[in-house]
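Here are a few notes from my look through this one. Have the structure open while you read.

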Amino acid sequence: KPVTATMIIVCWLVRSLNKTQPDYHSPLMLYRERRTDSSSTKLHGSLINALTFSAALTTFTVFFFVMYKYRCMRMIYGWLILSTTLVMASTGGYMFYQLLLVYRIPIDLFTFFFCLLNFSAVG
């Protein structure tokens, strides 16, 4: 039942927010594709993006391996708690804000941040 409820919520969010999504560009992507680019330029750019992403993934993996090897468990747990909270706050806040815009719901800043804090802290 929780999976069904989650899928229903995700479908509703995709249908609601799909109309307002701007063109997304990840900070890890160095190349941004344009319609006027040739096929070789697109291939070269996608290889650069793949290498950049692979380098970032390798760097973080080595960093966490070294932290685990030297038994820095508090730092690893702190990082996991901080990253989870930041992901919940940024993603949840963005979706909440977009839903407010789509459905034209007026809300003051204090209430918005209070709801965002509850969502990011509690989950």
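1. Start with the greasy spot on the outside. Tyr77, Trp79, Leu80, Ile81, Leu82 and Leu86 make up a nonpolar surface patch, and together they have about 640 Å² of accessible area. Bear in mind that this is a predicted model.

2. Within that patch, take a look at Ile81. Ile81 sits in helix H3, which covers residues 73-102. Its relative accessibility is 58%, so Ile81 counts as exposed, the cut-off being over 50%.

3. Next, Val122. This residue belongs to helix H4 (residues 109-122). Val122 has 73% relative accessibility and therefore counts as exposed too.

4. Now a backbone point. Most residues other than glycine have a negative phi. Arg71 isn't a glycine, yet its phi is positive, at about 55 degrees. You'll find Arg71 in the loop that links helix H2 (39-69) and H3. Arg71 is exposed, given its relative accessible area of 61%.

5. Arg104 is placed in the loop between H3 and H4. With a relative accessibility of 75%, Arg104 counts as exposed.

Terms used
Residues numbered from 1 in each chain as written. Predicted model: local features only at pLDDT ≥ 70, side-chain atom pairs only at ≥ 80, totals over all residues. Heavy atoms only, no water. Patch = residues over 30% accessible without salt bridge, like charges linked within 9 Å, V, L, I, M, F, W, Y side chains within 5 Å. Areas by Shrake-Rupley, 256 points an atom, 1.4 Å probe, with all protein chains shown as cover. Salt bridge = Lys/Arg side-chain N within 4 Å of Asp/Glu carboxyl O. Helix = DSSP H or I, 4+ residues; strand = E, 2+ residues; numbered from the N terminus. Buried < 20%, exposed > 50% of the residue type's maximum accessible area, 1.4 Å probe, protein only.
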